[in-house]
Amino acid sequence: MTDYIQEQEMEIEALEAILMDEFREIDSSESGLTTSNRCFQIVLSPQDDNFDESSQVPVQLALIFSHTEKYPDEPPLLNVKSIKGIRPDDLALLKEKLQNEAEENLGMAMIYTLATSAKEWLTEKFCGGDDVEESEETEKTEDEVIVPHGEAVTVESFLAWRERFEAELALERAKLMPESALTAPKEKKLTGRQWFESGRHTLKGAAVVADGSEEDEDEEDIDFDEDFEDDDEEDMLEHYLAEKTAGGSTK
């Protein structure tokens, strides 16, 4: 057989140790409950890290309870009162919520569980909602205010930038070209006389090929110095005089 009185007294001792100044026994006439049994009150405030001893909490309520004869196998008598800032319709909703939770926790000590639930309800109702609204308002303000970054772009500044960009691009392209393409002299071509005098007309397709050179580099540049040109002219003169002498003796 369950000793309800002993179990109820043990719960009262535990609540006094945990809640300390927030927990106290009150007269049944102050409780708003229809009972002559002992009545107790727990003062609850929203759970918020921004609150300290010197700050004023926006809302506060009193959770009042009394053990019934067969508690915890039957629910306790419950009542809630506003100490600060809670409307009657909100109190009615909270009381209904706590009574439903009491039915769900039958068979075990539940007062501390109900107090915790009421504290969470206060926090969500009066702190969480304000934080959400403030956050939404802040986001809306940030979306509406557009802060410009950098300098404004004008037609003149854009054209000046494009001119600099094209100049830099041309310089980069010049750097990528092979040096030989920029510094190589034009190919020296032989005159008809030079080609004839060099004897190439007797070689029919022969080509002078340098070691390791490719087919597109097989064309030979011929340079004639002054001594070579003088010797060649003397040979041609001697050949011409020999032909004239031979012709005169035949006649």
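Q: Which residue forms a salt bridge with R38, and how far apart are the closest N and O atoms?

A: Side chains of opposite charge can pair when their charged atoms come close. Here R38 pairs up with E25, and their closest N and O atoms are 3.2 Å apart. To count as a salt bridge, a side-chain nitrogen of Lys or Arg must be within 4 Å of a carboxyl oxygen of Asp or Glu. R38 sits in the loop between α2 (28-31) and β2 (39-44) and E25 in strand β1 (residues 23-26), so the pair ties together parts that are 13 residues apart in sequence. Helices (H or I, at least four residues) and strands (E, at least two) are DSSP runs, numbered from the N terminus.

Q: What should I know about the model itself?

A: It's a predicted model: local features need pLDDT of at least 70, side-chain atom pairs count only at pLDDT 80 or more, and totals for chains, interfaces and linings use all residues. Residues are numbered from 1 along each chain as its sequence is written, and side-chain values use heavy atoms, leaving out hydrogens and water.

Q: Is D90 buried or exposed?

A: Buried means under 20% relative accessible area, exposed over 50%, and partly exposed in between (1.4 Å probe, protein chains only). D90 is buried at 4%, while its salt-bridge partner K125 is partly exposed at 39%.

Q: How many disulfides are there?

A: A disulfide is a covalent bond between the sulfur atoms of two cysteines. The cut-off is a pair of cysteine sulfur atoms within 2.5 Å, and the whole structure has zero. C39 is buried at 1% relative accessible area, and C127 is buried at 7%.
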